[in-house]
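Here is a short briefing for a first look at this structure.

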Amino acid sequence: MDWFSFLVGNVFSYLAIVVFFVGVPLQVYRWMKAPVVYPLTDFPAPKTAEGAFIKVLLDTFLFRPILLKIYNATVYTGKWTDLWVGGWIFHVSFALIIVGHIVGIGTLGHQFTILGVSPETSLHMSEFLGTISGIFLSLSLIYLLLRRFFNPIVRVMSDGIDYLIVLLILGISCMGNFMRFNPTYGVEYDVAQRWIMGLFTLHPVPLPDNPIFTWHLFLVETLLIYFPFSKLMHSCGIFFARWMITNYDPRKVMVFDWRSKVCEWKGGK
């Protein structure tokens, strides 16, 4: 095992685990403790907790605000459609990849046996879904990267770190796809599971002798270390933010009194 594989398989792995699992909750806690200057509601707001919950789900998983911009546009320009399509495919495929890695490695690819299929069929289904998700993830990232380069408005709004994040995830995705399509560099579920179990039981085992996997893992660890300090935290913050501005509270309604020319909170502050 060379020095780079040792660092990636041991030092960086523990560093990434600590920074990610401590940094993310701390960041969320910091948001929760931040003072709210004034209450705010995104109208029309549901008047029940169930309605607010459904609206948060639609906003989060279907990007409803962008869909409304497309639907309500008087003249179709396509500028919101391309964002919705590229962004939705990226987020869905990325989520499927993360869930697929956790469930696939945890069950050795036998997760679909719960549907009554054989372990071999489950393994094929797992590999097929992983391959499809990986392809869509890479294509959507390339699309979003080109959009940042060639869309004048998006280019002005982008800074260097926006490009680096896309390139980082694209590198992880492309290496994963390369390993899937090249059996020589593929890593079996049991090998990955044994390495992860060794890591969490503080009995680390050497990484597989596979340079593509080592670099793939290095980029994943880099992403985990950077995650709590990055814009990627919106994946956690969106639930808090959307709930805060979606949950109906009569006190959030500001009413303007035309006679006194004063704005007041309906129902008292």
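Phe-149 is partly exposed in this predicted model. Its relative accessible area is 42%, which falls between the 20% limit for buried and the 50% limit for exposed.

**Aromatic pairs**

- The structure holds 11 aromatic pairs.
- Phe-20 and Phe-227 make one of them, an edge-to-face pair with 5.4 Å from centre to centre and 65° between the planes.
- This pair links distant parts of the chain, 207 residues apart.
- Phe-20 sits in helix α1 (residues 3–33), while Phe-227 sits in the loop between α9 (211–226) and α10 (234–246).
- Phe-20 and Phe-227 are both buried.
- The ring centres of Phe-149 and Tyr-163 are 5.1 Å apart.
- Their planes meet at 40°, so this pair is tilted.
- Phe-149 belongs to helix α5 (residues 119–150) and Tyr-163 to helix α7 (residues 160–181), so the pair ties together parts 14 residues apart in sequence.
- Ring pairs also join Trp-3, Phe-4, Phe-12, Trp-215 and Phe-218 into a cluster.

**Packing of α5 and α7**

- Two packed helices are described by the angle between their axes and the distance between the axes.
- For α5 and α7, the angle is about 150° and the axes are 9 Å apart.
- That angle is over 145°, so α5 is roughly antiparallel to α7.
- The crossing of α5 and α7 is left-handed.
- On the α5 side, the contact residues include Gly-130, Gly-134, Leu-141, Leu-145 and Phe-149.
- On the α7 side, they include Tyr-163, Val-166, Leu-170, Cys-174 and Phe-181.
- Charged residues take part too, among them Glu-127 and Arg-148 of α5 and Asp-162 and Arg-180 of α7.
- By class, the contact of α5 with α7 has 13 nonpolar, 6 polar and 4 charged residues.

**Positive phi in loops**

- Which loop holds Leu-108? Leu-108 is in the loop between α4 (79–107) and α5.
- The phi of Leu-108 is near 60°, a positive value in a residue other than glycine.
- Leu-108 is partly exposed, with a relative accessible area of 30%.
- Leu-202 is not a glycine either, yet has a positive phi of about 60°.
- Leu-202 lies in the loop between α8 (189–200) and α9.
- Is Leu-202 buried or exposed? Leu-202 is exposed, because its relative accessible area of 64% is over 50%.

How values were computed
Residues are numbered from 1 along each chain as its sequence is written. This is a predicted model: local features need pLDDT of at least 70, side-chain atom pairs count only at pLDDT 80 or more; totals for chains, interfaces and linings use all residues. Side-chain values use heavy atoms; hydrogens and water are left out. Rings of Phe, Tyr and Trp (its six-membered ring) pair if their centres lie within 6.5 Å; planes under 30 degrees apart count as stacked, over 60 as edge-to-face and the rest as tilted. Helices (H or I, at least four residues) and strands (E, at least two) are DSSP runs, numbered from the N terminus. Buried means under 20% relative accessible area, exposed over 50%, partly exposed in between (1.4 Å probe, protein chains only). Axes are lines fitted to C-alpha atoms, for helices over the stretch in contact, and angles run from 0 to 180 degrees between N-to-C directions. Angles under 35 degrees count as roughly parallel, over 145 as roughly antiparallel, 65 to 115 as roughly perpendicular and the rest as oblique. A crossing is left-handed if the near helix is turned anticlockwise from the far one by less than a right angle, and right-handed if clockwise. Contact means heavy atoms within 4.5 Å.
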